[in-house]
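Morning, everyone. I'll be quick.

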Amino acid sequence: MQGPTEVACNKETSDQRQEVKVVASVVITPSTNPNHVLVDEKLRHTGSNRQTSIEMGAHDAVRYSGIDEDLPSPRAEKSRKISLLPLIFLIFYEVSGGPFGVEDSVGAAGPLLALAGFLVFPFIWSVPEALITAEMGTMFPENGGYVVWVSAALGDFWGFQQGWMKWLSGVIDNALYPVLFLDYFKAVVPIIGHGYPRTIAVLVLTSALTFLNYRGMTIVGWVAVLLGVVSLLPFIVMGLLSIPRVEPSRWLVVDLHNVNWGLYLNTLFWNLNYWDSVSTLAGEVENPRKTLPKALSYALIFVVAAYFFPLLAGTGAIPLDQSQWSDGYFADIAKIIGGTWLCWWIQGAAAMSNMGMFVAEMSSDSFQLLGMAERGMLPEIFAKRSRYGTPLLGILFSASGVILLSWLSFEEIVAAENFLYCFGMILEFIAFVVLRIKQPTVARPYKIPFGTAGAILICIPPTILICVVLALASVKVMVVSLIAVAIGLVMHPALKYVEKKRWLKFSVSSNLPDLETEVHDNTQSLVP
């Protein structure tokens, strides 16, 4: 998910879930009983303004209302669920966005380790994270995503901490993309390179992309498809043009005595994480039980291929000058292979990629806030949807965070984001293991096929990697990130106090199972 810095091409080298108010309509479908019972019951507010929710495990199977079926709602009729192809491209942009930013792996370790890294590292990090997301996302197909997983395993307090750290990490990440887009575009319009024109351009671009998110997830999904094609097409052309130039011996170059392991590992980690972000859109996905695992598996292959083949073409087609391999060097390679026109094409593709990453990240961030509000962790107003079915307040909060953080440097943003992201992933791994051990009989529409012991073992390599990333952080990044964590620790009891005083209204959606009710033995499925 890393964007490149600006490259001057005229030089030879680089410079629904829809809100539904239901009196009651809960479908109970025992998986072993042919008699299906439709139960209608009145759901009332409790003394703390929370709606009574359905108890998990109270029946053989409880359906997430509105996830697998269309409920009669005016807003539901105006918006559609995300289908498989747009979901694949949304995951692609949440994780990658294209090969922009992978050049540092060659500069740090040489062609052989760079190519090997993007083939091996996915098995250490991306595959475990994607598998866990597929299992947990289909077990809890709602917009809270990883917040719900942690809440179900560890309680609301830690679920809120997960939500705070992951949302803040996502907003920090999204602050990069308008700035990086302008870094490319200023080669065409130099005036936006600094000062007030640049500030105004950041505001205008952020507002325009935010409006896309406001207009609905269907539009965002197909915009992601379009931007994905535009971003990757020049690399396909570059790859074809590079074939006559390729010398396979160039791929085997390595010098283990001159490897910058910190930069190498950070580049791999940065470009192959965030697979769990799609979980906060599970409530907006068409038939998430089947679509989500498929989309994750296809996107995993897509992302690795989008990294590996441009690296294969670039390292094989030109003589190695390792010092030149840094962010944006693909544009220089394109000029060498195809000419100035291909250089500018890749430059424009990089700018479009930043737009795609922005809209995908904002979708996940804003729907996460909606999901937290549906679980009563945030005020009910965050669960309100626009006439397009989008979380209006969540979008506004996420956009405001992007604007406020856009003044930070690229290095500061990346470092702070990685630190908070790692904390959140630790909670996810713990929640996954706890639910596997404490709730083994709860049916999972998708289940990691290694047994509980094997599922636990796949968490060990990424956990070790997280510890390495945290250890490599600077003292400044640690202090700033720990302050952010401390804010979350205070914010949760503060919101509980606000709820107790009834200064703001909090409620749990009546469509969702009760995470606080312990699942009984031999419980069947949360999702039929």
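Buried, in this talk, means under 20% relative accessible area, exposed means over 50%, and partly exposed is in between, with a 1.4 Å probe and protein chains only. On that basis, 59% of the 528 residues in the protein are buried.

Now the ground rules. This is a predicted model, where local features need pLDDT of at least 70, side-chain atom pairs count only at pLDDT 80 or more, and totals for chains, interfaces and linings use all residues. Residues are numbered from 1 along each chain as its sequence is written, and side-chain values use heavy atoms, with hydrogens and water left out.

The overall picture. The protein has 18 helices and four strands. Those are DSSP runs, numbered from the N terminus: H or I of at least four residues for helices, E of at least two for strands. The accessible surface of the protein is about 20,900 Å². Carbon and sulfur atoms hold 67% of that surface. The areas come from the Shrake-Rupley method with a 1.4 Å probe, and for residues only the protein chains shown count as cover.

First helix pair: α2 and α11. Find α2 at residues 84-95 and α11 at residues 288-317. Their axes come within 8 Å and cross at roughly 50 degrees. Axes are lines fitted to C-alpha atoms, for helices over the stretch in contact, and angles run from 0 to 180 degrees between N-to-C directions. Under 35 degrees counts as roughly parallel, over 145 as roughly antiparallel, 65 to 115 as roughly perpendicular, and the rest as oblique. So α2 and α11 are oblique to each other. Their crossing is right-handed.

Which residues of α2 make the contact? They are L84, L87, I88, F89, I91, F92 and V95. Among their partners on α11 are L292, L296, A299, F302 and V303. Contact here means heavy atoms within 4.5 Å. By class, the contact of α2 with α11 has 16 nonpolar residues, one polar and one charged. Nonpolar covers Ala, Val, Leu, Ile, Met, Phe, Trp, Tyr, Cys and Pro; charged covers Asp, Glu, Lys and Arg; the others, Gly among them, are polar.

The crossing of α7 and α13 is left-handed. From α7, the contact uses Y177, P178, L180, F181 and Y184. The α13 side includes Q347, A350, M355 and F358. This contact of α7 with α13 has eleven nonpolar residues, two polar and no charged ones.

Is α7 mostly covered or uncovered? Mostly covered: eight of its ten residues are buried. D183 is one of the buried residues.

Last, the loops. Most residues other than glycine have a negative phi. Y274, in the loop between α10 and α11, has a positive phi, near 75 degrees. Y274 counts as buried because its relative accessibility is 3%. N287 lies in the loop between α10 and α11, and its phi is positive too, near 50 degrees. At 27% relative accessibility, N287 counts as partly exposed.

Finally, L256, in the loop between α9 and α10. At 55% relative accessibility, L256 is exposed. L256 and G110 are 146 residues apart in sequence, yet 9.1 Å apart in space, C-alpha to C-alpha.

Conventions. A crossing is left-handed if the near helix is turned anticlockwise from the far one by less than a right angle, and right-handed if clockwise.
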